[in-house]
Each structure stands twice: as C-alpha cells, then as structure tokens.
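Student: I have not looked at this one before. Can you take me through it in short steps?

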Amino acid sequence: MSKEHALKQYEDTEGHFSLVRNFRLADLVTIMNGVCGSFSIFSSARYLLTNDIDYLWTALTFPLAGLMFDFLDGKVARWRKSSSMLGQELDSLADLISFGVAPALLAFVVGLRTYLDTVVLTGFICCGLARLARFNATVALVPKNTAGKSKYFEGLPIPSSLVLVGVLSYWTKQGWIAGQQGIPYGTVTLWGQVGGRGEMHWVSVFFGCWAAAMVSKTLRVPKL
C-alpha cells in the first residue's frame, strides 16, 4: 500500500471513532504492549504507596509481557497481510512506555532515588526516545537482507532494557533494594555533603552507559 493511499484512508474516514475504525488487528496488539507498560508503571506506584512486594513483582513482570506483544504484532501483520501507517508510530510509542519509562521507574523504585540517579534515569528515557525517533526516520537507509528486513540495529534496541529489568528482579529476590539491604555497590558523593544532590549510586553509571549504547551510531547489533 502506497503512502498516499494510506493517507487517503484517514482523510476519507469521518465521524465518531474514525481513528479506531482504521486500526488493524496488529495495531491493537501493539497497543497491548503499551497497556503492559502502563500497568507496570501503576504497579510501581502502588508499591511505593503500600510497600507491598507483590506490587513490585507485578511491575517487574509486565515489561516482559509487553515484549511478547512487541514480537507478536509484526507476526499478526504478516499473517493478516494488513498494516497501517499508525503501526510504526504506535510501536515506537508503546516501546517507550514499556521499555523506557517503566524500567526507569522500576530502577527508582528499587533504590536509585538520589537527585543524580534521577538525572541519569531521565537521560535513559530520553535516549530511548531519541533512539526510537532515529529508527523511524532512518530505517529505510539501513541495508536490507534478501527478505527485505534490516540487517542490523544501529545502537541497542530499546527492548534490550529488559536485561536491566532482569537485574532488578534478581536484586529484588536477593533483597538488595531500598528498605531492605540496599542497592549493591553503594553510592559515591561527587560534590557537597553525603546525602546531598551530589550523591549517586555507582549502578547509575551502568544505566548511563546503556543509554549511550542505545543512541550509538557505530554500535551495530545483528538482527535475529
């Protein structure tokens, strides 16, 4: 389907719920990815309010469910031989929620709560956002294989943040979280007094490096 024809569909569709009527099945699967990310965020908030560890485990689980829907939407689109212009944009926005915002909030919840920690986590989210925007803008320039798929990712794909979620899950199981034994490796004070704005956890450096790897242009990750 040409871009002009796809745009014509939205232009010619009017009335209530016209946007919803233009959704394809694959688009609805993609939205479920965003639903999982949103539930993770709200579960993290409930943990902060109640200190009920079950909410934290729920928050840690939902991004993995989001990954399942992220894999499934492309398969559904190929199975139905139907996609829409909304699909790619929906996919990126859902990925930002499930693999950007939700993991960053989980890191905050388990203990990365100093001022500098939150600066690094904000950078992590913004790098994920920039990485998704670059992918949408430049995907046509990446070399393709015989099947028409990109040969590699430029920078770490944002779903790779589930590795970090896995680490946070392990820490939760071991009790290495705020309110229990605390975050591994402790903190370093870059300026000012201990406990002030110049303090950060050493682990935040790892999140910062992961963020840099997502926006790297020279790092090429082969597509499976």
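Student: How many of the residues of the protein chain count as buried, in percent?
Tutor: Buried means under 20% relative accessible area, with a 1.4 Å probe and protein chains only. The protein chain has 224 residues. Of these, the buried part is 42%.

Student: What are the numbers based on?
Tutor: This is a predicted model: local features need pLDDT of at least 70, side-chain atom pairs count only at pLDDT 80 or more, and totals for chains, interfaces and linings use all residues. Residues are numbered from 1 along each chain as its sequence is written, and side-chain values use heavy atoms, leaving out hydrogens and water.

Student: Is Thr-114 buried or exposed?
Tutor: Thr-114 lies in the loop between α5 (85–110) and α6 (115–138). Helices here are DSSP runs of H or I, at least four residues, numbered from the N terminus. The relative accessibility of Thr-114 is 13%, so Thr-114 counts as buried.

Student: Over which ring does the charged end of Arg-197 sit?
Tutor: A charge sits over a ring if NZ of Lys or CZ of Arg is within 6 Å of the ring centre and within 35 degrees of the ring normal. For Arg-197, the distance to the centre is 4.3 Å. The ring is that of Tyr-115.

How values were computed
Helices (H or I, at least four residues) and strands (E, at least two) are DSSP runs, numbered from the N terminus. Buried means under 20% relative accessible area, exposed over 50%, partly exposed in between (1.4 Å probe, protein chains only).
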